[in-house]
Amino acid sequence: MTQLAGSGIGDLRRTMGGPVLGPDDPGYDDSRRLWNAAIDRRPAVIARCQSAADVSRAVLFATEHGLEIAVRGGAHSPGGSSGVDDGLMIELSLLNQVTVDPVAKRARVGGGALLGQLDAAAQEHGLATPAGMVSHTGAGGLTLGGGMGWLTRKHGLSIDNLVSVEVVTADGQIRRASEDENPDLFWAVRGGGGNFGVVTEFEFRLHEVGPMIQFGMAFWPLDQGTEMLRMARAVVAKLPDEVNVVIGAVNAPPAPFVPAQHHFQPGYALIVTGFGSAEEHAQVMDEIRSTLPPLFEFADTMPYVVLQQMLDEQNAWGRHAYDKGFYLDDFTDEAIEVITEQVPLKLSPLSVVLFYRLDNAYSKVPEDATAFSGSRRPGYAGFIVAVCPTPELFEQDRAWARSFWAAMVPFSRGIGAYVNAISDEGVDDRVRASYGDKYDRLATIKAKYDPQNIFHRNANIRPA
Ligand code: FAD
């Protein structure tokens with residue numbers, strides 16, 4: 001297969017505007033690299049697309065030569081689905097333009113743009129759209145799976161703010177999809193991942209955000225896990241609309257606001273962000289500290305873009321990672337018991353357990369309005385993430401993530417999850433469970449736009 005591609009690379013090069021790289025070309029290793037260092041894949045050809053026309057040529061070239069396709073946006077998929085051995089990688093990092101119309105409050109975002117590029121361009125006008133919490137994540141993969149972050153309680157998921165897309169489908173056609181144009185395709189790309197084609201442009205609705213927002217973080221030691229999670233449950237139950245939280249089992253960072261004796265100590269953190277009045281945010285922080293005084297805390301105002309980059313270093317490229325996702329209705333006492341038993345068993349200080357709150361604007365979107373892989377009822381998206389600097393520790397923390405997840409399943413919404421947090425094993429069953437009733441509708445749309453399933457390196461939906 002590699003040889004066949006090798007002889008044809010020249011043909012692709014002649015038709016594409018962007019560079020086409022083979023294994024011996026400079027830049028090949030940088031272009032094939034994935035965020036997760038545990039995954040190392042060597043494509044036969046990398047098509048660095050500069051336009052939708054380039055993407056179309058690359059798709060048709062791969063089909064003609066029988067090459068498996070991988071589409072690489074920000075390369076952050078935990079299971080490394082944007083890489084491929086011996087196939088053709090459609091690499092989108094050159095398609096990273098972001099154009100903002102501040103009057104219409106719209107952003108047009110290239111299919112390979114990173115969240116930091118979207119945030120920076122929108123914040124120049126005091127605007128933003130909901131996205132993830134780490135700025136080097138790709139807008140492409142994140143949005144196609146749903147996209148949840150600090151603004152999700154106030155403005156929904158990224159897909160809830162999508163107005164239209166430009167997408168290259170399996171037949172090489174460049175199509176637009178919106179509520180009025182190819183509405184079936186538009187429904188499917190809002191949660192159905194990369195199954196339906198390569199999105200070369202996203203159009204988002206923007207909202208006024210910041211530029212300054214409120215931030216608070218409080219931390220408790222491991223042995224106060226049960227009290228802390230019960231306190232968080234009570235605080236979240238009456239959270240004001242413009243405040244959001246992430247609850248995490250993490251190690252204290254070596255940040256200036258952390259007393260030196262607590263650096264790297266494992267424990268539980270509650271991060272509280274405020275997008276409305278400072279008083280409301282302060283009241284939430286007051287309630288937290290009066291209910292269960294933390295080991296240490298930090299509260300301040302900061303620019304929204306700083307918030308969006310705050311976790312970047314913690315999540316830097318080049319670590320070995322493995323993610324197990326699930327949904328939780330609430331921190332029941334049974335769930336808390338499992339969490340507090342399992343958290344102390346991790347080995348790597350970088351491994352984390354995170355809970356994103358999903359309710360309010362998120363829950364106002366009707367269940368079948370999008371293809372999102374989760375219920376809209378209030379709850380949490382949980383992530384058990386093994387993150388290790390070296391392969392040795394990784395084996396053990398991956399096993400920890402798997403057994404933690406298995407212990408959580410009886411107290412969660414089952415094996416289904418946010419598809420962007422599904423790594424590898426049992427993928428077929430988990431993808432079906434995640435989409436539930438929507439799976440058959442997705443499979444029918446898949447059969448229409450990608451009957452041969454050429455876009456299958458993703459949380460795959462089999463054509464009906
Ligand atoms: P890639 O690996 O490039 O792509 C992921 C999948 O999408 C692949 O199947 C790929 O083929 C496909 N794809 C990518 N771009 C396109 C496109 N333009 N057209 C068609 N298919 C495409 N998720 C959240 O919701 N919120 C968060 O806060 C969040 N934080 C994260 C932080 C880190 C450090 C990491 C590693 C992940 C995080 N995620 C978060 C999960 C994230 O949404 C997924 O990892 C997502 O797949 C990343 O997209 P990507 O473009 O970077 O990845």
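Mentor: Before we start, two strands are taken to pair if DSSP finds at least two bridges between them, and please keep in mind that the model is predicted.

Trainee: Ok, then how do S5 and S6 pair?

Mentor: Strand S5, residues 98-101, and strand S6, residues 106-110, pair in the antiparallel sense, with four bridges between them.

Trainee: And which residue is the bridge partner of Thr99?

Mentor: Thr99 has Arg108, in S6, as its bridge partner. The hairpin of S5 and S6 has four residues between the strands, and Lys105 takes a positive phi there, near 55°.

Trainee: How many bridges join S6 to S10?

Mentor: Five bridges join these two strands, S6 and S10, and they run antiparallel; Ala107 stands opposite Phe204, which belongs to S10.

Trainee: Switching to the ligand, which residues are closest?

Mentor: The ligand is surrounded by 34 residues, and the closest are Val71, Gly73, Ser82, Met148 and Tyr418. By class, the shell divides into 14 nonpolar, 18 polar and two charged residues.

Trainee: What lies 2.8 Å or 3.0 Å from an oxygen atom of the ligand?

Mentor: A polar side-chain atom of Ser77 lies 3.0 Å from a ligand oxygen, a backbone N or O atom of Met133 lies 2.8 Å from a ligand oxygen, and a polar side-chain atom of Tyr356 also lies 2.8 Å from a ligand oxygen.

Trainee: How much of the ligand does the protein bury?

Mentor: Taken alone, the ligand exposes 930 Å², and 93% of that is buried by the protein. The elements that give two or more residues to the shell are strand S3 (69-72), helix H5 (139-145) and strand S10 (198-205).

Trainee: Which of them gives the most to that shell?

Mentor: H5 does, with four residues.

Trainee: You mentioned S3, so where does it stand in its sheet?

Mentor: S3 comes at the end of the order S1-S2-S4-S3 in an open sheet of four strands with mixed pairing, and S3 and strand S1 (20-21) are the edge strands, each pairing on one side only. S3 pairs with strand S4, residues 88-91, in the parallel sense over four bridges, and Val71, which is among the residues closest to the ligand, stands opposite Ile90 in S4.

Trainee: What packs on that sheet?

Mentor: Helix H3, residues 52-64, packs on it and touches strand S2 (45-48), S3 and S4, with a direction at about 170° to that of S4.

Trainee: What about the loop between S3 and S4, which residue is found there?

Mentor: Asp86 is found in that loop, and its phi is near 65°, a positive value in a residue other than glycine.

Trainee: Where is Pro211 found?

Mentor: Pro211 is in the loop between strand S11 (207-208) and strand S12 (212-221), and the peptide bond that leads from Gly210 to Pro211 is cis, with omega near 10°.

Trainee: S12 then, in which order do the strands of its sheet come?

Mentor: The seven strands of that open, antiparallel sheet come in the order S15-S12-S14-S13-S17-S18-S16. Strand S15 (296-303) and strand S16 (320-328) each have a single partner strand, so one side of each is left without a neighbour in the sheet. From one strand to the next the twist averages 15°.

Trainee: How many bridges pair S12 and S15?

Mentor: Eight bridges, in the antiparallel sense, and Met212 stands opposite Pro303 in S15.

Methods:
Residues are numbered from 1 along each chain as its sequence is written. This is a predicted model: local features need pLDDT of at least 70, side-chain atom pairs count only at pLDDT 80 or more; totals for chains, interfaces and linings use all residues. Side-chain values use heavy atoms; hydrogens and water are left out. A residue is near a molecule or strand if one of its heavy atoms lies within 4 Å of it. A polar contact is a pair of N or O atoms within 3.5 Å; within protein, one must be able to donate a hydrogen and the other to accept it, and residues adjacent in sequence count only if both atoms are side-chain atoms. Accessible areas come from the Shrake-Rupley method with a 1.4 Å probe; for residues, only the protein chains shown count as cover. Ala, Val, Leu, Ile, Met, Phe, Trp, Tyr, Cys and Pro count as nonpolar, Asp, Glu, Lys and Arg as charged, and the others, Gly among them, as polar. Contact means heavy atoms within 4.5 Å. Axes are lines fitted to C-alpha atoms, for helices over the stretch in contact, and angles run from 0 to 180 degrees between N-to-C directions.
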